[in-house]
Amino acid sequence: MKIIIFGTGLVSEHIVKSLEIYDDEITVVSYPTKSYNEFDKRAAKIISGNLLNDEFLASLNLNTYDYALILEDDDRLNLILSKMCEKYGAKNIITKINSYDDINFLIKNKKSFGIDYIINEDLEASKYIVKMVEEDIGFKSDIFAGGKVLLSSIKAQYAEDFVNKKLENIGFLSTVRVVGILRNSELIIPTGQTVIERDDLIYVMGLSSDIISLKNRFFYFEENRQKKEMTIIGDSNLTRALVENVSDMNIKIIEEDPEKVADLRKKYPDAFVIKNTFKNELKSSTEEFKSVDVLVASTEEDELNIATGLLASGVGIKDIILKVYSKTYNKFIDSLPVDAVINPKVVLVGKILSLLGKTAGLNIYHMFGDRAEVLEVKLRETSHLIGKTMAELKAPRDIVIGAIIRSDNIAIIPIGKSEVKEGDTLVIFFRKENRDELLSFLGISKRRIFPSLFGGRI
């Protein structure tokens, strides 16, 4: 597959990195003034030029690409560029719109701009939050293999039967795979001899049915209750997207800016909007939370969202979701007493990958304190792994094959005798610093046969 990406921002970087495990040919295009320093230039062809110049666009041979991703930060540029790409034969144009204000109008009229699919980070994040709320997020999980495999984080302190025991002696974990343990801010890739400590955060991967059984046996303390009250802290594009996408729930919004409060009340008369100087009265505002089923901290300040989550956990709110953009807090994000932390840009990357037909397993909940990743990798027909058992593979240290999806869509949690077969997809847990070792283990070269091209173009 050939994919051309316009733009060098964070979303583009994540897309290029995620696609390096595939055989796709990736080209990244932007203005000469833009920086490409954060890109892995071995994984993509780099071309710079004037994006709105007809001769330059014609030289790209856009009709030879399967997908065109328009991911610049300027909405006006993206819309114009989309139309010009259509003119020069681009197929399957996916365009990022950064502003939420006119998103519904643009989606409705996307064809007039030559666009096949419009994406917006706040819209996609709101849809993801709605899905989490509907499916119960009290037990942190990420979904792989189309829902057949779950990766969940659980606290050892909730299961006394686990504490001070070796993993190999915990019978209840025999049907799942413990792929990692977060202990005192250190990520451990365990063996059967690893002893569980009371303050450990354990990451288990398994078939959905087995993870749910484990959840119900040890970590689920109250029956599901239908969500009735959602409180959203702060006015933002995500807040407005949530109000427009949530159904069957009473929405309460707490905002301190009087102009924003007035605008929210005018646009969303069905929502209950409260003016509250949140920074100054955060600690004295607990009464606002006591009847809340779901709380979403959606201000533009990561620190305020985190502080809100800490306060909300102290008054017994069942489901707490935080919006956090900065990587600064990744090292301790998993220790927060909340149910989900999302970065709308990462959610958007996941959406783009799904539109491309890829399953890169980007973790929405910021699990692993930014220390590890999970990828779904479909093996090539020529893979040297085919025909070998788990014991024979000898995966590099800190790389764990947590699940195998067969070509007939059957999922298994592998043991030593499990054999890798043609058509298999592997769900792999690994430390971020071991990414190159993983690619080498899979027989994937990050180098491409084409050089990077800078300057000298129109």
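How many bridges join strand 9 to strand 11, and do the two run parallel or antiparallel? Five bridges join them, and the strands run antiparallel. The model is a predicted one, in which local features need pLDDT of at least 70 and side-chain atom pairs count only at pLDDT 80 or more, while totals for chains, interfaces and linings use all residues. Residues are numbered from 1 along each chain as its sequence is written, and side-chain values use heavy atoms, with hydrogens and water left out.

Helices (H or I, at least four residues) and strands (E, at least two) are DSSP runs numbered from the N terminus, and two strands pair if DSSP finds at least two bridges between them. Buried means under 20% relative accessible area, exposed over 50%, and partly exposed in between, with a 1.4 Å probe and protein chains only. Because six of the seven residues of strand 11 are buried, the strand is largely enclosed by the rest of the structure.

**Salt bridges**

A salt bridge is a side-chain nitrogen of Lys or Arg within 4 Å of a carboxyl oxygen of Asp or Glu, and the structure holds 16 of them. The table lists some of these.

| Glu197 | Arg183 | 3.6 Å |

In the salt bridge between Glu197 and Arg183, Glu197 lies in the loop between strand 10 (186-188) and strand 11 (201-207) and Arg183 in strand 9 (residues 177-183), so the pair ties together parts that are 14 residues apart in sequence. Glu197 is partly exposed, with a relative accessible area of 37%, whereas Arg183 is buried at 14%.

Through salt bridges that share partners, Asp235, Arg240, Asp263 and Lys267 are joined into one network, and within it Asp235 and Arg240 are both buried.

**A buried aspartate in a loop**

Asp293 is found in the loop between helix 9 (278-281) and strand 15 (294-297), and it is buried, with a relative accessible area of 6%. Its C-alpha atom is separated by 5.2 Å from that of Glu229, although the two residues are 64 residues apart along the chain. The side chain of Asp293 also reaches the backbone nitrogen of Glu229 at 2.9 Å.

**Helix 3**

Helix 3 (residues 75-87) has 13 residues and reaches 19 Å from its first C-alpha to its last, close to the 18 Å expected at 1.5 Å a residue; the expected span is 1.5 Å times one less than the number of residues. At the N-terminal end Asp74 caps the helix, with a side-chain oxygen 2.9 Å from the backbone nitrogen of Arg76, and just after the helix Gly89 takes a positive phi of about 90°. Among the buried residues of helix 3 are Leu77, Leu81, Met84 and Cys85. Contact means heavy atoms within 4.5 Å, and what covers the buried residues of helix 3 includes strand 1 (2-6), helix 2 (54-59), strand 4 (67-70), strand 5 (93-96) and helix 4 (103-108).

**Nonpolar cores**

A nonpolar core is a set of buried Ala, Val, Leu, Ile, Met, Phe, Trp, Tyr and Cys residues joined through side-chain atoms within 4.5 Å. The largest has 41 residues, and those with the most contacts inside it are Ile5, Ile15, Leu69, Ile352, Ile428 and Leu442. Leaving aside residues up to four places away in sequence, Ile428 touches residues including Val374, Ile399, Ile401, Leu438 and Leu442. A second, separate core of 24 residues includes Leu242, Val243, Ile321 and Ala340.

Key
A polar contact is a pair of N or O atoms within 3.5 Å; within protein, one must be able to donate a hydrogen and the other to accept it, and residues adjacent in sequence count only if both atoms are side-chain atoms.
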